[in-house]
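Subject: Structure handover

Hello,

Here is the structure we spoke about, followed by notes on what was found in it. Please look through the model first and then read on.

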Amino acid sequence: MSDVEVSGVSKRYDDLWAVKRVSFTAPAGSFTSLLGPSGCGKTTTLRLIAGFAALDEGEVRIGGKPVDALPPWRRNLGVVFQNYALFPFMTVFDNVAFGLRRRRVPRGETAARVAEAIDLVGLPDLAGRYPRQLSGGQQQRVALARALVIRPEVLLLDEPLSNLDAKLRAEMRFELKRIQRETGVTSIFVTHDQEEALTLSDQIVVMNLGTVAGAAAPKSIWEQPESAYVADFLGVENLFPGTVGDGAEDDGTVAVSVSEGSVTLDVAAARPAEAAVVLGIRSGDIKMWKVDSKRALDGPNELAGTVREFTYVGSAVVYQVDCAALPRPLIATVQEEFAVGESVRLHLPPGAIKLLRPDAPAGGSGARP
């Protein structure tokens, strides 16, 4: 097992920086996800690690050794592409054996290692089939076996699950996690799917506009995102710019005035150095009840609203609620049923509100020098 150190890595195409001074470390034996929207630089970063593109700045080290001068085939990396890149005229066995044969591994050892790899990915009875005879999930497993059979120091995966249907994609997440744990290979995984990143990773590196917007363990980055962009990409549906008031309340909360609105919310968080912040709260943390209930509208962060629209998502209902005190509708996810146009009351628990650093909006395709 080897760690991967990416230090100040940059790549420019003409006057556009696809990646700008990206730095992170993937510890030996860990699973790191590069998460972000299309054009954020995550695939370019993976290509720079693999050697498929040349660095303009920075350095990549694998196992403590610089690899920037090495061609891809000398970096001892396994790569799984989005389209699997299987040879259609070769059987499963021959596809998996391809890398070993290029390395001139003896025939007997090749057969044993291919059988081991095919068994590892759960396809022991399909060695004689061709890619056209396999399902998408089976093709993905073959591509993974081909990458692992060479016993790479690092496994690179470029959105390998994106072509699968939702059910199969969920199943393959568990398979990927199992295989990575069994092999212990250091893995770097590119995805735009936050659920994939949270499910699979020991570390998530969120990218935006060719830079690293935040990096942490899944639980930490989910519960304590560093900025509005990271929170937005990790599913914090309600984000409002605000201004922090002077001092703190007697109960330890911080009062924040919501920009363009007429409400001050109490937030159970340390007072930031800057007055300008973004308030974030997940839809599932908002409490919502009927206006004719016995519950009074007199607690902290309790607002009156009107249901604008709703969407049924199976386990709950997602509501869009207009609140006169806020600059835009709130998104609330609850199990109770409300009608469009119905007057409701909402509670935003101070402990559920996050104080976030304002920054660039989600999206982007690189940064100008």
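Helices (H or I, at least four residues) and strands (E, at least two) are DSSP runs, numbered from the N terminus.

Before the rest, a word on the source. This is a predicted model, in which local features need pLDDT of at least 70, side-chain atom pairs count only at pLDDT 80 or more, and totals for chains, interfaces and linings use all residues. Residues are numbered from 1 along each chain as its sequence is written, and side-chain values use heavy atoms, with hydrogens and water left out.

Confidence

The mean pLDDT (the predictor's confidence in each residue, from 0 to 100) is 89 for the protein, and 93% of its residues reach 70 or more. Residues 361-369 have a pLDDT below 50, and this stretch has 28 contacts in the model beyond near neighbours in sequence. Contact here means heavy atoms within 4.5 Å.

Strands

The pair N238 and I281 belongs to the pairing of β11 with β14 (residues 276-281), which is antiparallel and has six bridges. Two strands are said to pair if DSSP finds at least two bridges between them. β11 also runs antiparallel to β12 (residues 254-258), joined by three bridges; there T243 stands opposite S257. Of the seven residues of β11 (residues 238-244), five are buried, and the strand is mostly covered. Buried means under 20% relative accessible area, exposed over 50%, and partly exposed in between (1.4 Å probe, protein chains only).

Elsewhere there is an open sheet of five strands in the order β15-β19-β16-β17-β18, with antiparallel pairing. Its edge strands, each pairing on one side only, are β15 (287-290) and β18 (330-334). From one strand to the next the twist averages 45°, with axes taken as lines fitted to C-alpha atoms (for helices over the stretch in contact) and angles running from 0 to 180 degrees between N-to-C directions. β15 and β19 (residues 343-347) are antiparallel and share four bridges, and W289 has R345 of β19 as its bridge partner.

Cores

The largest nonpolar core holds 36 residues, and V96, L144 and L155 have the most contacts inside it. Such a core is a set of buried Ala, Val, Leu, Ile, Met, Phe, Trp, Tyr and Cys residues joined through side-chain atoms within 4.5 Å. Two or more residues each come from α2 (92-102), α3 (107-120), α4 (136-148), β7 (154-158) and α5 (166-183). α4 gives the largest share, six residues. Setting aside neighbours within four places in sequence, L155 is in contact with G78, V80, L144, A147, L148, V185, T186, S187 and I188. Another core, of 30 residues, lies apart from it; V263, L346, A352 and I353 are among its members.

Helix α1 (residues 42-50) is largely enclosed by the rest of the structure, because seven of its nine residues are buried. They are K42, T44, T45, L46, L48, I49 and A50. Just after α1, G51 has a positive phi of about 90°.

Helix α4 also contains Q139. The side chain of Q139 reaches the backbone oxygen of P131 at 3.3 Å, and a polar atom of that side chain lies 3.3 Å from the backbone oxygen of L134. Not counting residues up to four places away in sequence, Q139 touches Y84, L86, P131 and L134.

Single residues worth a look

R151, at about 55°, is in the loop between α4 and β7, and it counts as exposed because its relative accessibility is 51%. L209, with a phi of about 55°, lies in the loop between β9 (203-208) and β10 (211-216); its relative accessible area is 26%, so L209 is partly exposed.

Y13 lies in strand β1 (residues 4-13) and is partly exposed, at 42% relative accessibility. Leaving aside neighbours within four places in sequence, Y13 is in contact with A18 and A53.

Regards

How values were computed
Polar contact = N/O pair within 3.5 Å; in protein donor to acceptor, adjacent residues only side chain to side chain.
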